[in-house]
Structures are given as C-alpha cells and as structure tokens.
Amino acid sequence: MSGARPRKWMKLDNAAKIYPAAMSRSWNALFRVSAVLSEPVDPVVLQKALDRCMKRFPTFAMRLRRGVFWYYMDTIDTPLSVQPDVANPCVRMELHGEKDYMLRVRYHDCSIAVEFFHVLTDGNGGLLFLKTLTAEYLTLKYGAVIPRNGDILDCDQTPTPDETGDSFLKYARSGTRSRSEARAYKIPGTDCRHMMHITTGMLDSAKTNALAKEMGATVTELLTAVLIQSVQELQEKKVPLRRNMKPVKICVPINLRRYYPTCTVRNFASYMNPGIDPALGHYSLKETLRAVRGYMALENDEKLLNAKFSTNVAQEKNIALRLVPLGLKSAIMKSVFILQGETLTSSTVSNLGICTLPPEMSRYVKSVYFLLGPLYRNRVACACVSYNGKLNISFTRSIEESDIERGFFTRLVRLGLHVTVESNTYSLQNAFSYAALSPEELL
C-alpha cells in the first residue's frame, strides 16, 4: 500500500484554524469518546497499543505552533503516554510546551477514553481513532483477530494522502454564502467552570428510532426539537414579556464525509442551526419538530453545505488576510468566532449516529460514550452515540442549574421512552460513582 511521506510540519485544516485563535487561558474546544470493556484495562498493554496507533495517525502526533501568519502543527518525537482518568474530564489542555500533545488517552477500571483538541479532528475522526486503539488493545491483550476496514484502521499500514489531507480545500468550489443570522437565547446559570457536570441518559435505540419515524423525523431531528422545547420553557420562565424573547436555535454538526469520497481523519464537518422564535408565540413539540424538519430538509443539501465551507476556504485564500500577522489575525478570528459562532445558537446536539463493531470486537466492548467539553459561551451541550442497541445521550454543562437536561429527559419519558439517567456526583472521592434516576423521579 502506498503511503503519505512523513511530514515534519503541517498546515491546520480549514475548520481547525478558528480554534487556536478562539481559545483562552481557561478554555479550548475539546471533546471525548470512550469505550467500556468487559474487563479492567491493562495500562501497560494500552500503552503498547497507543504506540502502534499513533504511527497510523501521524497527524495526531503533533503539537500546535505559532507561525508568522498562521498557526501550524509539527511532529512530536516524544511518545504520548496513557494516564489514569480524572474526575473532571475535558479540562483545558496546555499547548505551549515542546511535548504538549493535542489529545489525551485515559483509562479507569474498564474504560478507555480519548480527549481531543478540535484542531486535530472532529467527532467522526475521534471515533475512528478510538475504534482503532481499542482494536489494537484487544489484539495485544487477548489475541483477538479483528478485521480491519474503513472503520478500524490497520496499524501495519501507512496512512494514505487522503487520510491526512484537508478535504475542505480539496472539495471547495466557487459558490459562497452569507453567515448572517439572528442571535439566539443564551442559557443563563451560575458559573462553575472549575467542574464539568455530566448527565447521561440511556435509551433503547430501536424504540427511539421507531418513535422518531412515527413522528416523521430522524432521531437527530427529534432530539433537537426536544432540546429546543426545553430551552424555550426555560426562557419563558426567565423572560416575562414574550416580545423580548430571542430565538432558540440548536447547532447540529453535519458529517461531510457522507457527501464526498474522502477518508480523511482530520476535521470535515459543517453545521446547521435549526430553531424557533418564541417571540411569535409558544411552540408545541409538533410545531417545533415541523420547523426543525423543514429547516434541515432545506439545509442538508450538498450544494448549500459546500457553499458554506467554501466561504471559509475563500477567506483563507484571500491574499490580504494571508499577509496579516498572526497576532492581529487571531484577534480578528476570535471576534468572528464570538459574533458568528456560539452567539447564533443556544446549545448543540452532536450525534455520531450508530457505532458498529465487528463481532470479534463487540464481544469485549459493552458501551460507547461521546462527550462535548464545555463550550465557549453556550454553557450546555448535548452529544449522542448509539451502540449495541443503546442510545447514550450525554449532557455537559458548566453551570450549576440542571433545568435543561431535566426538562429534556422528562419530555422523552412523557413521549413513552424509558430513560435511565446517570449523573456524576461532583466528588473527587467518588468520581466514578453514579446515582441513577428512575423515570418517576425525573417527572
């Protein structure tokens, strides 16, 4: 198999460029994927699996560097070490040192978790890495013979140029779109950025899918509509006059790999922001779902999505912007991120869809989870993944109040779905102890 030649440095992909400019002393954009195995993880074997895996993902074995005009990445020669998991996942990464990787591999009991700075990849690329790492671990630990395909990479092969390439640049065309949108309602709350609260609801995938179909929607559309309802209810409690209410919109990432023949492991996703405007009146779930379905039916179109990311690529190629020094450029990009990023939405629903594993591997893997780290301004985020007949919906928040996820899961229960809810106990001593809530307690 012909492979890409090793590179000592690499440009950031088009989507990654915003994250170093937007990060602060207390925040950078992180997400986490994890797998729970049937037996406790052996850290020595996990380290050996990681060493092999990092050679297969050379774009992950890099550190962030400041150039004159752009941030870029260059290779780290020191191996990445696995580390015990912590009570507070997705805390800000230090990225200024010579050995500072932009990912962490952690273990606890039966769990293998990987946390990524979004510069490296998106959720689908992160899940690919987790699958490959777990497959390597199971092969070394148990001698499992696991078939390698597009979803699980072979660590004895070298990466192809397409895997390490920037698919935004490859598939961008000349069409562009305006980014102008109305600002959305911000979820209020008591700041607690020192601790990320995590609440995970576990549902039957088949029953959830059947309910969504019955309502004429996809699972993502249904979950988005239910989250909008939860935020609308909170705003109606907080804002006394309806005419002063702001739109409730949810950011829904879209995996662009479904539209283009690429196997890139780097970022390749776009987004859409469906929502409602409660200033016009209260929206029922049926009305909200109709609005979400209509919006996503129009926006989930290759030509429109291409024009959206082509707009960003065109700006990246702009000669005048390219010659602006990095310090000034970062200030400009951070302003754009603040004005045209999270201010346009109230929260996020990121659904990785169904995680499939071959039988030779699934016999060892009990559960898969997906978490979004704290967002820059939106204080509540929702991430979903389905595996082994279970849909795991994880809320993360950096505020004390749990109104949004409580309202969200309550609505799902009222729709007839059984929800098992787990929440971290916010205690270092009991970091991995969970308290389950029954549907009756939710209501």
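User: How many helices and strands does the secondary structure of the chain come to?

Analyst: The chain has 14 helices and 17 strands. Helices (H or I, at least four residues) and strands (E, at least two) are DSSP runs, numbered from the N terminus. This is a predicted model, in which local features need pLDDT of at least 70, side-chain atom pairs count only at pLDDT 80 or more, and totals for chains, interfaces and linings use all residues. Residues are numbered from 1 along each chain as its sequence is written, and side-chain values use heavy atoms, with hydrogens and water left out.

User: How do you know that the radius of gyration of the chain agrees with that of a compact globule?

Analyst: The radius of gyration is taken over C-alpha atoms, and the globule rule is 2.2 Å times the number of residues to the power 0.38. For 443 residues the rule gives a value near 22 Å; the chain has 21 Å, and therefore the two agree. The C-alpha trace spans about 60 × 55 × 40 Å along its principal axes.

User: What percentage of the residues of the chain count as buried?

Analyst: Of the 443 residues, 56% count as buried. Buried means under 20% relative accessible area, exposed over 50%, and partly exposed in between (1.4 Å probe, protein chains only). The chain exposes about 19500 Å², of which carbon and sulfur atoms supply 54%; such areas come from the Shrake-Rupley method with a 1.4 Å probe, and for residues only the protein chains shown count as cover.

User: Why is Val114 called buried?

Analyst: Val114 has a relative accessible area of 0%, and therefore it is called buried. This residue belongs to strand S7 (residues 111–117). Beyond its neighbours within four places in sequence, Val114 is in contact (heavy atoms within 4.5 Å) with residues including Phe31, Val33, Val105, Phe129 and Leu133.

User: Is Thr132 buried or exposed, and what makes it so?

Analyst: Thr132 counts as buried because its relative accessibility is 0%. Thr132 lies in helix H3 (residues 123–142). Leaving aside neighbours within four places in sequence, Thr132 is in contact with Cys53, Phe57, Ile152, Leu153 and Cys155.

User: Why is Thr199 called buried?

Analyst: The relative accessible area of Thr199 is 7%, so this residue is buried. Thr199 is found in strand S8 (residues 197–204). Among the residues that Thr199 touches, not counting those up to four places away in sequence, are Glu405 and Phe409, and both of these are buried residues of H13.

User: What makes helix H13 largely enclosed by the rest of the structure?

Analyst: Nine of the twelve residues of H13 are buried, so the helix is largely enclosed. H13 covers residues 403–414 and reaches 16 Å from its first C-alpha to its last, close to the 16 Å expected at 1.5 Å a residue. The expected span is 1.5 Å times one less than the number of residues. After H13 comes Gly416, whose phi is positive, near 100 degrees.

User: Which elements do the buried residues of helix H9 pack against?

Analyst: They pack against helix H5 (167–171), strand S9 (248–255), strand S10 (269–272), helix H8 (285–299) and helix H10 (319–322). Leu305, Phe309 and Val313 are among the buried residues of H9.

User: Why is Ala15 called partly exposed?

Analyst: Ala15 has a relative accessible area of 25%, and therefore it is called partly exposed. Ala15 lies in the loop between strand S1 (9–11) and helix H1 (18–22). Ala15 and Ser270 are 255 residues apart in sequence, yet 8.7 Å apart in space, C-alpha to C-alpha.

User: Why is Asp109 called exposed?

Analyst: The relative accessibility of Asp109 is 51%, so this residue counts as exposed. Asp109 is found in the loop between strand S6 (103–108) and S7. Although Asp109 is not a glycine, its phi is positive, about 55 degrees. Most residues other than glycine have a negative phi.

User: Is Asn388 buried or exposed, and how do you know?

Analyst: Asn388 counts as exposed because its relative accessibility is 59%. Asn388 lies in the loop between strand S14 (380–387) and strand S15 (390–397). Its phi is near 55 degrees, a positive value in a residue other than glycine.
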